[in-house]
Amino acid sequence: MSDFRPVQMRSPVLTVRRVDAYHAITVVAPGVAERFRSGQFIAVAVGGDQSGMLLRRAFAIHDVKPDYGGTVEFLFAVRGGGTAWLAERRSRDLLDIVGPLGRPFPLPRDPVNCVLVGGGYGSAPLFPLAHTLRGRGCRVDFVLGAASADRVFSAITARRVAETATFTTDDGSFGVRGRVTDALPQVIEDARSDVVYACGPMPMLREVSAMAMRHDIPVQVSVEETMACGTGVCMTCVVPVVGEDGITRMVRSCVDGPVFRGERVRFDDVGTIPFDALGAPGWKARGGDDPVSAREAG
Amino acid sequence: MSPDLRVRLGDVELANPIMTAAGCAGAGRELAQFFDVARIGAVVTKSVMLEPRAGWPAPRMAETPSGMLSAIGLQGPGIDVFLQRDLPWLLSRGGRAVVSVAGGGSAEYAELAGRLSEAPGVSVIEVNLSSPNLADRGRHFTDDPAAAAEAVRAVRSGARSDIPVFAKLSPDVPDLVGLAGACVEAGADGLSMINTVRGMSIDTATMRPAVAGGMGGVSGPAIRPIAVACVYEVHAALPDVPIIGMGGVRTGSDALEFVLAGASAVAVGTVIFHDPSACVRILREFEEALGEHGVARVSDLVGAAHRPMGAALGR
């Protein structure tokens with residue numbers, strides 16, 4: 001796996017642009033671009049070397065191109081001081097980035113029918129995935145949703161890449177009024193989908209996973225949990241995930257994820273330590289447990 | 001000529017004084033993707049306990065001015081996995097292992113020290129005295145010098161005599177020097193300071209505490225002046241006791257500040273989250289700073305800020 005190790009680099013900014021309600025930054029980062037696989041993310045330092053904002057911001061990689069030796073694009077919404085600073089970057093500014101980080105989306109061996117479900121800018125990592133899947137002969141259908149029209153990310157690209165693209169908005173300003181989960185069952189049936197990929201807020205991922213399980217097809221979700229480091233050392237971004245051995249562990253979404261099998265994530269227990277999780281208060285080792293396999297969870 | 005960076009922690013010699021801080025580097029495996037862990041003085045591992053432990057629920061952290069608030073709750077897989085998986089990996093890469101231990105009582109501390117002493121390659125045992133004391137309503141051991149001393153005594157009695165035992169102190173105590181003295185009297189060969197500073201952050205959007213544990217520990221550059229004061233004060237009182245200094249070290253000059261205050265070695269913590277290569281960068285900057293001052297041996301500088309004007313380098 002050492003070939004896939006992340007790199008840290010100072011990357012020149014190529015472009016900063018507005019995309020719908022979001023910002024997108026493209027940086028020259030050949031070391032990241034050549035290692036990248038769909039679903040992985042980067043961790044960006046904000047505010048400059050002496051900034052009081054110490055924690056890196058993690059962003060899914062949205063696009064990778066071979067131009068200029070390898071460029072990487074990521075998408076973000078301005079939410080606080082760190083993202084506001086990022087939005088003010090200009091061409092040739094340097095960004096300290098670490099990546100690619102995290103476990104990518106697993107890809108099917110055969111050309112199967114894939115439905116890609118995204119909420120808000122959570123749809124960003126689904127676009128490189130769609131390209132990869134198309135390159136393998138898979139059918140791709142998109143279901144993208146958001147609160148309003150300007151927050152449905154890159155509808156035009158979705159239409160171009162996919163066999164079908166369905167859009168939902170909470171206020172009905174674009175596509176169908178409602179949620180992605182309102183539209184998903186019909187898409188799964190019409191497209192005879194074999195697998196679901198999803199990225200977005202936790203409640204959406206929970207519903208999408210439940211829906212895929214009802215249709216008896218596998219679902220891969222990319223979870224969002226706040227991270228301090230992105231590299232696996234700080235232990236802040238844990239989610240309860242059931243391992244192949246049936247044991248729930250608090251696993252790091254940065255290095256054990258961010259992509260997990262949807263049915264293994266205990267969505268109802270996110271933000272808690274489930275009573276039966278490994279190492280929970282009162283937890284007792286049962287015969288045959290092998291805690292060494294903790295990393296294989298998910 | 002490059003300066004002599006070797007430092008001593010009791011009977012153990014390190015090639016240089018820069019190490020990781022407990023809980024900020026795992027056992028080195030993740031950071032090895034960014035630099036060779038054998039290059040730094042030592043890797044201080046995340047605190048290990050006897051049994052697996054799930055810790056606090058998420059959210060576990062919030063960014064604070066020049067720092068972070070965290071409440072992890074000592075999540076870890078337990079000593080068996082540590083000895084099977086993490087320690088052998090670190091040693092196989094040529095890393096020096098300082099192993100942090102956390103227990104709920106004296107018996108657990110003693111057993112951890114014993115288990116670590118049976119394994120080859122443990123350079124130093126660091127006693128995390130900020131774990132919940134099960135016998136005392138979950139208060140921290142450092143809340144009471146007698147309880148801290150008892151935990152240190154347990155580790156010292158369980159550990160092989162050639163492995164130095166360092167007590168890690170919290171700054172949130174009324175009498176730090178008294179606590180340090182009690183730990184040394186109980187057999188600590190050295191002191192690590194400081195642990196995080198108690199703090200809280202409230203999310204004004206949700207109107208709830210920002211971390212699930214409510215209170216947490218503040219770390220990062222925000223606490224550096226507090227940490228330097230603690231090291232300075234304890235070194236003045238106990239000049240012969242080696243100290244590993246830590247708290248918001250971000251640059252080589254920050255590390256030098258701790259050495260001048262009285263630290264023999266300096267651990268890098270939260271800044272690793274900001275910069276995974278921080279330890280080797282800080283080591284390089286530290287070495288450059290010594291060169292600029294014309295210092296031949298880093299050990300000459302330990303506690304130099306305590307000396308009268310004009311005698312800072314002891315020449």
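Predicted model: local features only at pLDDT ≥ 70, side-chain atom pairs only at ≥ 80, totals over all residues.
Q: At which residues does UniProt place the feature "binding site"?
A: The unreviewed UniProt entry puts this feature at A:Cys229, A:Cys234, A:Cys237 and A:Cys254. These residues gather at one spot, because no two of their C-alpha atoms are more than 10.0 Å apart although they span 26 residues in sequence.

Q: Is A:Cys234 buried or exposed?
A: Buried means a relative accessible area under 20%. The value for A:Cys234 is 5%, so A:Cys234 is buried. A:Cys234 belongs to the loop between β12 (219-222) and β13 (238-242) of chain A.

Q: With what is A:Cys234 in contact, leaving aside its neighbours within four places in sequence?
A: Contact means heavy atoms within 4.5 Å. With those neighbours left aside, A:Cys234 is in contact with A:Ala228 and A:Cys229, and also with B:Ile72 and B:Phe273 of chain B.

Q: Where is A:Cys237 found, and is A:Cys237 buried or exposed?
A: The loop between β12 and β13 of chain A holds A:Cys237. Its relative accessible area is 2%, so A:Cys237 is buried. Leaving aside neighbours within four places in sequence, its contacts include A:Glu225, A:Val251 and A:Cys254.

Q: How many residues does each chain bring to the contact between chain B and chain A?
A: Chain B brings 40 residues and chain A brings 39. The area buried between them is about 3,300 Å², and carbon and sulfur atoms give 61% of this area. B:Glu63, B:Phe273 and B:His274 supply 19% of the area that chain B buries against chain A, more than any other three residues.

Q: How many salt bridges does the rule find across the interface of chain B and chain A?
A: A salt bridge requires a side-chain nitrogen of Lys or Arg within 4 Å of a carboxyl oxygen of Asp or Glu. The rule finds two across this interface. One salt bridge joins the side chains of B:Glu63 and A:Arg57, at 2.8 Å from N to O.

Q: Which elements of chain B each supply at least two residues of the side that touches chain A?
A: They are β5 (61-64), β6 (67-70), α1 (79-92) and α7 (271-274). By class, this side of chain B has 18 nonpolar, 14 polar and eight charged residues.

Note on methods:
Residues numbered from 1 in each chain as written. Chains lettered and ligands numbered in written order. Heavy atoms only, no water. UniProt positions renumbered as here; feature names shortened; annotations may be inferred. Helix = DSSP H or I, 4+ residues; strand = E, 2+ residues; numbered from the N terminus. Buried < 20%, exposed > 50% of the residue type's maximum accessible area, 1.4 Å probe, protein only. Buried area = accessible area lost by both parts, 1.4 Å probe. Nonpolar A, V, L, I, M, F, W, Y, C, P; charged D, E, K, R; others polar.
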